[in-house]
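Have the coordinates open as you read.

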Amino acid sequence: MTAMTDNALQASPRAMRDEMVVFGLMAVLLAIVPWTGIYPFFVMQALCFALLACAFNLLIGYGGLLSFGHAMFLGTAGYCSAHALKVWGLSPELGILTGTAAAALLGVVTGYISIRRQGIYFSMITLALSQLLYFIYLQAPFTHGEDGIQGIPQGYLFGVFNLANATTLYYVILAGFLCGFLLIFRTINSPFGEVLKSIRENEQRATSLGYKTDQYKLLAFILSGTLAGLAGALKVFVAQNASLTDVHWSMSGEIVLMTLVGGLGTIFGPVVGAFVIIAMQQYLASFGQWVTVIQGVIFVACVLTFRRGVVGEIAHYFRLSL
Amino acid sequence: MQALYAQLLVGLINGSFYALLSLGLAVIFGMLNIINFAHGALYMMGAFCAYFLLNLGGLGYWWALLIAPIAVGIFGMILERTLLQWLAGLDHLYGLLLTFGIALIVQGVFQNYFGSSGLPYAIPDYPKIAGFNGLQGGMNLGFMFLPVYRGWVVVFSLVVCLATWFLIERTRLGAYLRAATENPTLVRAFGINVPRMITLTYGLGVGLAALAGVLSAPINQVRPLMGADLIIVVFAVVVIGGMGSIMGSIITGFALGVVEGLTKYFYPEASNTVVFVLMVLVLLVKPTGLTGRAA
């Protein structure tokens with residue numbers, strides 16, 4: 001059996017250098033967006049999803065765990081941040097912290113349950129857990145059911161930065177994204193990340209080498225959930241609402257799709273995939289349900305012919321580590 | 001007490017669908033090593049097939065019960081030949097992703113043409129034997145009023161489940177199937193066409209899903225997304241029961257339906273979530289599932 005990702009090359013000084021160069025380019029490109037006339041809300045939304053997909057990718061690409069329930073972190077963080085901001089009147093930084101902490105806590109609980117099984121069962125369990133949360137949020141009074149939490153105040157971050165200003169908000173979101181991205185990047189290249197990769201390749205062997213694989217998987221799951229939560233908390237400021245769509249299974253599917261399109265197990269793939277899918281949804285919004293059909297076709301096409309994804313194919317062609 | 005019995009019956013009916021669907025998932029997983037995410041979409045196609053047969057072809061329920069599983073089964077076999085067979089040797093997870101894509105396509109196409117609202121499908125009013133008006137109406141059992149159609153669904157599903165169990169565990173064809181699940185190369189060496197068996201197995205599993213769809217059409221209405229949420233519950237059922245044993249899938253399916261029905265009576269707020277909560281409990285106590293071996 002071939003592993004799902006074969007494009008993560010050995011960490012070498014050259015690979016690290018390539019990755020840092022591309023990271024620098026990405027950061028510069030994203031930093032000049034407000035001066036290019038590109039609609040900033042589109043990029044902000046894409047950045048939130050990019051961070052979400054990167055967090056998801058940490059699990060599948062480096063731990064071999066395909067979570068089909070990552071929407072639960074997005075939605076939980078969104079609801080908790082929104083509630084903290086609107087009802088408790090907390091400041092933005094505390095709101096983000098509340099949402100992210102809630103997602104981290106959820107990661108501890110759901111991770112403890114779901115890593116008890118591997119492979120296909122892990123996917124089914126995460127999907128079922130997120131559906132469980134969906135029904136809880138559907139009935140819980142604080143989420144306002146089908147209406148969701150709307151009209152969330154943006155406020156002043158650290159009492160200084162006015163988040164109602166689109167440019168300020170953009171840079172705050174960008175900073176959040178880059179911090180999350182760097183944390184994932186650092187994790188992948190750390191000794192912890194190496195052990196994670198060895199578990200993906202051969203769990204029995206990692207166990208026989210003395211690693212407590214369950215602890216590594218749980219920690220990766222919690223980290224992934226927390227960062228997905230950060231994405232959800234940031235998204236609250238962009239969308240100014242928190243709704244059931246963010247917890248629905250179709251959202252989990254979209255996260256998988258973004259990562260698959262960009263390239264499973266590549267560092268930059270999820271970012272590219274998120275921009276591609278969000279752009280597609282924007283341009284095809286008038287086609288209604290056909291968007292679902294197109295997403296399905298992309299899934300099928302990617303799995304059958306394009307398993308490396310956009311970035312994975314480029315990296316493979318140029319023999320780079322991206 | 002009437003309400004309790006009624007909810008128990010609803011639970012048994014849902015249990016029938018869980019059993020038929022998880023049975024199909026287990027059979028498919030055994031042969032193809034794929035978790036068929038498209039199972040819910042194919043269940044929905046079964047119900048739509050019955051709807052089309054009635055409204056376009058003038059063929060009623062009893063014909064649908066025969067034709068829909070075969071038609072959707074053939075559709076499934078085409079899917080297997082054109083798409084799924086290329087996944088052999090790849091990680092299991094690609095099968096999940098591919099069939100998820102297929103589910104999105106099928107559900108999206110149906111949503112485009114039929115929206116999200118339900119289409120009615122009447123309970124058949126023929127044959128009229130011994131005072132019965134087809135499967136319409138009901139009978140008084142003394143302790144409760146039993147709608148005939150609901151009783152029929154439970155009994156018929158049970159018969160189909162047991163027949164499938166018999167086919168796989170007690171016949172020569174089933175023996176080949178089980179052998180091919182264990183060691184396909186060796187079975188091929190004995191001159192048995194394993195790829196064809198894989199295709200037929202997928203067709204069988206899909207046919208069971210379509211049959212469940214036809215059975216549910218008069219109860220749950222025909223909707224493009226009728227299988228989308230159901231399949232997630234069935235996944236939880238599969239996690240609880242494990243996919244190692246056919247009888248295990250059947251029993252777990254019915255049992256969880258009954259538990260859900262009881263929850264609807266005693267604590268309705270939790271009826272949507274009880275199966276998932278049970279899944280969590282089972283994972284905490286016995287991670288391999290009730291009948292499963294270590295995966």
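In this predicted model, helix H2 (residues 39-55) of chain B packs against helix H3 (residues 61-82) of chain B, with the axes 9 Å apart and an angle of about 130° between them. An angle over 145° would count as roughly antiparallel, so H2(B) and H3(B) are oblique to each other. Their crossing is right-handed.

Who makes the contact? From H2(B) come Leu42(B), Met45(B), Gly46(B), Cys49(B), Ala50(B), Leu53(B) and Leu54(B). H3(B) answers with a list that includes Tyr61(B), Trp63(B), Ile67(B), Pro69(B), Val72(B), Phe75(B) and Gly76(B). Sorted by class, the contact has 15 nonpolar residues, 2 polar ones and no charged ones.

Now step over to chain A, which has 13 helices and 4 strands. Its radius of gyration is 19 Å, close to the 20 Å from the globule rule for 322 residues, so chain A is as compact as a globular protein of that length. Along the principal axes, its C-alpha atoms fill a box of roughly 50 × 45 × 40 Å. Of its 322 residues, 54% count as buried. Take the contacts in chain A with a separation of 6 or more: 78% of them come from residues 24 or more positions apart.

Finally, look at where the two chains meet: 38 residues of chain A are in contact with 38 residues of chain B. On the chain A side, helices H5 (119-139), H10 (249-262) and H12 (290-305) each supply at least two residues. H5(A) gives the most, with 14 residues. That side of chain A divides into 25 nonpolar, 11 polar and 2 charged residues.

Terms used
Residues numbered from 1 in each chain as written. Chains lettered and ligands numbered in written order. Predicted model: local features only at pLDDT ≥ 70, side-chain atom pairs only at ≥ 80, totals over all residues. Contact = placed C-beta atoms within 7 Å. Nonpolar A, V, L, I, M, F, W, Y, C, P; charged D, E, K, R; others polar. Rg over C-alpha atoms; globule rule 2.2 N^0.38 Å. Buried ≥ 20, exposed ≤ 12 C-beta atoms within 10 Å, placed from the backbone. Axes fitted to C-alpha atoms, helices over the stretch in contact; angles between N-to-C directions. Parallel < 35°, antiparallel > 145°, perpendicular 65-115°, else oblique. Left-handed = near helix turned anticlockwise from the far one by under 90°.
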